[in-house]
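These are my notebook entries on one structure. I set down what I looked up, entry by entry.

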Amino acid sequence: MRPNRIELREIRLPLREVFQISSGARRHRRILLLQVEAEGQVGWGECVAAEDPSYSYETTETAWHILTEFLLPPLLEAEMEGPEDLLAPVDWVRGHRMARAGIEMALWDLQARLLEVPLWELLGGRGEPLAVGVSVGIQPEDTTLLRKVEGYLEEGYARIKMKIKPGRDLEMLRKVRDRFPEALLMADANSAYSLDDISLFREMDDLGLIMIEQPLGHEDILDHSRLQAELETPICLDESIRSEGDARLALDLDATRIINIKPGRVGGLASARAIHDLCRESDVPVWCGGMLESGVGRAHNLALATLPGFTLPGDISASRRYWSQDVVHPEFALKDGLMHLPEGPGIGVSPDLPRIDALTHRVQQFGG
Ligand code: OSB
Ligand code: MG
């Protein structure tokens, strides 16, 4: 396969409601979409970098820069043998994994379409519908949080993740636990705490949470291992795991007993699958996280989550949970409490071109 045209564009998409996490609030998304063409087929990818560098150092703007200046030009007309090492010509670029993942995922979709197989099959997954979870942003009032959790459980979500930050943590989680004694609940701190908060986590340990996600610093794997030694509740790392090497280190130090795998965060689907394989060998469960993706990124996440080690429900929620209208057909929705895989080759959904054009803020083309 030899890509003869690549198109990068930025679309702006308003979220239906503000999404608040410990490190900031999001009201809209500036999403980069990638289209890559070969032999008359088009593959689609999405770059998950956010508007500001609060989750990762990457932003929509840095990703645009890295893609247009360094990643895309050498990939045009490059001969590729899939499915791994699609980005071999730009292996010298350090970091910028979200930018890399955007184009890598478009190339996976393209390969699957050329082979006329669904992406989940090319990745080695199973085609069954999946139980999924939902991530609830920080709510200023407990009553709103309780109402939302109840609504999501009624919709069929199998696991509820609540964002926490100092001042909106233990007491709030206790109320939710008291009200929903049987629900699969977890908390995600997005690095808002330090080892000084150990007594708080000891109390949280009694709430029967299925895990606590990224409680400490985004670069503090050693501190997480110290905290895990004090807790029964598994720690699940998100921000700290950027590569298979990070995963190996964290597992070796017992800093994490579950891993949230986001293909965008780890540089693409090949790296995501390598982390999955490593965790599977070590009997460590994984699940697929989300980055408030449009339907394009969501389709990739869903395909990844069909791999056998993804034994916990992912943050792969329905399109309507984020957008008044998604940019793909069909939209993602729960059916009988499960997320069904879209039919068809590649990511299985069709991007809505007129709608995407209408949302486009800028475009850059390579080749064609
Ligand atoms: O920490 O998992 C996170 C969204 C943006 C940035 C970081 C995170 C999240 C979510 C939302 O939790 C997951 C989703 O539904 O896409
Ligand atoms: Mg997280």
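**Entry 1: Strand S1 and conventions**

I began with Arg 12, which is found in strand S1 (residues 5-21). Helices (H or I, at least four residues) and strands (E, at least two) are DSSP runs, numbered from the N terminus. Arg 12 counts as partly exposed, at 33% relative accessibility. I take buried as under 20% relative accessible area, exposed as over 50%, and partly exposed as in between (1.4 Å probe, protein chains only). I also looked up Gly 124, 112 residues from Arg 12 along the chain; the two C-alpha atoms are separated by 33 Å.

I note that this is a predicted model, in which local features need pLDDT of at least 70 and side-chain atom pairs count only at pLDDT 80 or more, while totals for chains, interfaces and linings use all residues. Residues are numbered from 1 along each chain as its sequence is written, chains are lettered from A and ligands numbered from 1 in the order in which they are written, and side-chain values use heavy atoms, with hydrogens and water left out.

**Entry 2: The magnesium ion**

Which protein donors does the magnesium ion (ligand 2) have? I found Asp 188 (OD), Glu 213 (OE) and Asp 238 (OD), lying 2.1 to 2.3 Å from the ion. Donors are N, O and S atoms within 2.8 Å of the metal (3.2 Å for Na, K and Ca); water is not among the atoms, so sites may look incomplete. Along the chain, the donors of this ion follow the spacing D-x24-E-x24-D. Asp 188 lies in strand S6 (residues 185-188) and Asp 238 in the loop between strand S8 (235-237) and helix H8 (244-252), so this pair ties together parts that are 50 residues apart in sequence. I recorded both Asp 188 and Asp 238 as buried.

**Entry 3: Ligand 1**

For Leu 292, a backbone N or O atom lies 2.8 Å from an oxygen atom of ligand 1. For Tyr 322, a polar side-chain atom lies 2.6 Å from an oxygen atom of ligand 1. Taken alone, ligand 1 exposes 390 Å², and the protein buries 99% of that. Accessible areas come from the Shrake-Rupley method with a 1.4 Å probe; for residues, only the protein chains shown count as cover.

**Entry 4: Arg 168 and helix H5**

I located Arg 168 in the loop between strand S5 (159-163) and helix H5 (170-179). Is Arg 168 buried or exposed? Arg 168 is buried, with a relative accessible area of 16%. A polar atom of its side chain lies 2.8 Å from the backbone oxygen of Gln 139. The side chains of Arg 168 and Asp 142 are joined by a polar contact of 2.9 Å.

In helix H5 I looked up Val 176, which is buried, with a relative accessible area of 1%. Val 176 and Leu 145 are 31 residues apart in sequence, yet 8.1 Å apart in space, C-alpha to C-alpha.

**Entry 5: Aromatic rings**

I recorded 4 aromatic pairs in the structure. One of them, Tyr 193 with Phe 201, is edge-to-face, with 5.2 Å centre to centre and 80° between the planes. Rings of Phe, Tyr and Trp (its six-membered ring) pair if their centres lie within 6.5 Å; planes under 30 degrees apart count as stacked, over 60 as edge-to-face and the rest as tilted. Tyr 193 and Phe 201 are both buried.

I next checked charges over rings, the criterion being NZ of Lys or CZ of Arg within 6 Å of the ring centre and within 35 degrees of the ring normal. Arg 159 lies over the face of Trp 287, 5.0 Å from the ring centre. Arg 362 lies over the face of Trp 64, 4.1 Å from the ring centre.

**Entry 6: Backbone features**

I noted a cis peptide bond between His 329 and Pro 330, with omega about -10°. Glu 116, a residue other than glycine, has a positive phi near 60°; Glu 116 is exposed at 67% relative accessibility.

How values were computed
A polar contact is a pair of N or O atoms within 3.5 Å; within protein, one must be able to donate a hydrogen and the other to accept it, and residues adjacent in sequence count only if both atoms are side-chain atoms.
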